[in-house]
Amino acid sequence: MSIRESKNKFLSGNWYPVEETSSDELKISGELPKELTGLFLRNGPNPKEPINHENYHPFFGDGMIHGIRIEDGKALWYKNKFVTSPYGFGPNTHVLKHSGKIYALVEGGVSPVIMDSDMNFLEEEPFPDADSKRFTAHPKIDVDTGEMHAVSYDFEEYVNGQGQVHYVTVDQQGKLIKDKIIETPGKPMVHDCAITENYVLIFDLPVTFNLGRRDDEKNSVGGDYPVIWNDKHTARVGLQNKRTDEITWIEVNPGFLFHVVNSYEDETGQVILDFCRYERLFDFDNPLPMGQKPFLTRWILNPKTKTCSEEMLDDRPMEFSRVHPDYDGKQHRFGYLLNDGRLNNYFKHDFKKGRTITHDFGEARQAAEPVFVPKKNSKSEDDGYVVGFVYDKTTDLSNFVVLDAQNFSDTPLAEVTLPQRVPFGFHGSWINLD
Ligand SMILES: [Fe+2]
């Protein structure tokens, strides 16, 4: 058995970790748009040796960030570095810019780490005056106010019996200005949140923490993550008012989500939520986040009647949903997603026309999360680029790929071949540097 074959799916093939490296000699095919000046960063788990193949779960893998620096049509460098944190665990899930700082992020109440645009990890404290540095992987930025909103849970609080999550707001200077406790007695796993003009959406869904449940269990291969599908847990969404303490809970059809596409309020005050819905996940016999596939779904939440309607929008499995970065909380038309089957397609879903356009990378390639980058003077919501890392099985290398979002199915505008493969991972961002 080669080192990259494992009983553990998350250590097999392109999941297998890589070493740190860097290169400033990168081959470009096609033409990189001259206006793309910045840095593409992608975070993901990359466990350090020695690795326990029986117990390893990617949610606990050491964070590694892969970055490529682009300027004036040139690819200046690529490098990948382990996330180092003065607080211990290196966040492994997301990386984004807010208040002039680049944060590496993870859920579970772990503190973010700040890095600079040369990918140096800094000792600088996030949220210096705040009592707690707990945060999460998927905050949402309201471009109108510059505020960053997040819903986080804290492993330690859950272990101590406190069933609660925190609604945290960070202002545009990077100061933590709100940390409101919301009671969630079932200890739900809360991976993402959503914002609208008036609300932050709290997802209290039936995947709940059962810390210690593995104590009397034989280890399942790669399944050592302490959450479980919980049929007894009432699935509900909280509409937390951003400006007052008021929260309205609405029961929803049981299911789970890792990722929202986006949410917004319509003219009648209903909340529209588009997301990737799992029917069930983390069943006791299947503790890995696999097996069940997610489908693009819309919930319409009515705060007056406290009811929710549901509609499936596409019958192909898709995940890693993204929108234009300035549309968090505003009505979007387009979402960008990854085929969660063979990984060889990006999807662009048009919510207005109810149709999905495909970009096909071919049988030999496996893509990861698509990230939309608007043009500087964009004229419409999809006037921009879709970028991401794509693994090529024939070369065992990855490329940084740039698509024209308006000619989505066409051959990529440019591809930059990296000196090594980028293992499958989680989330990233385009960081403008001009
Ligand atoms: Fe995520």
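1. Phenylalanine 347 has threonine 358 in E25 as its bridge partner. This pair belongs to the contact between strand E24 (residues 345-350) and E25, which are antiparallel and joined by six bridges. Note that the model is a predicted one.

2. E24 and E25 sit in an open sheet of seven strands. The order is E19-E20-E21-E22-E23-E24-E25, and the pairing is antiparallel. Strand E19 (256-265) and strand E25 (355-360) are the edge strands, and each pairs on one side only. From one strand to the next, the twist averages 30 degrees.

3. A second open sheet has three strands, in the order E6-E7-E8. Its pairing is antiparallel. Which strands stand at the edges? They are strand E6 (94-98) and strand E8 (113-115). Each has a single partner strand, so one side of each lacks a neighbour in the sheet. Here the twist averages 35 degrees from one strand to the next.

4. Within that sheet, strand E7 (residues 101-105) pairs with E8 over three bridges, in the antiparallel sense. Check isoleucine 102 here: its bridge partner in E8 is methionine 115.

5. Strand E5 (residues 74-82) is joined to strand E1 (residues 21-23) by three bridges, and the two run antiparallel. Serine 22 has lysine 79 of E5 as its bridge partner.

6. E5 also runs antiparallel to strand E4 (residues 63-71), with eight bridges between them. Methionine 64 is bridged to phenylalanine 82 in E5. E4 and E5 form a hairpin with two residues between the strands. What phi does aspartate 72 take in this hairpin? Aspartate 72 has a positive phi near 50 degrees.

7. Is glutamine 164 partly exposed or buried? It counts as partly exposed, because it has 15 C-beta neighbours inside 10 Å, and a buried residue would need 20 or more.

8. Leaving aside residues up to four places away in sequence, glutamine 164 touches Glu157, Ile181, Ile182, Glu183 and Thr184. Glycine 186 is 22 residues from glutamine 164 along the chain, and their C-alpha atoms are separated by 8.5 Å.

Notes:
Residues are numbered from 1 along each chain as its sequence is written. This is a predicted model: local features need pLDDT of at least 70, side-chain atom pairs count only at pLDDT 80 or more; totals for chains, interfaces and linings use all residues. A residue is buried if 20 or more other C-beta atoms lie within 10 Å of its own, exposed if 12 or fewer, and partly exposed in between; C-beta atoms are placed from the backbone. Two residues are in contact if their C-beta atoms, placed from the backbone, lie within 7 Å. Two strands pair if DSSP finds at least two bridges between them. Helices (H or I, at least four residues) and strands (E, at least two) are DSSP runs, numbered from the N terminus. Axes are lines fitted to C-alpha atoms, for helices over the stretch in contact, and angles run from 0 to 180 degrees between N-to-C directions.
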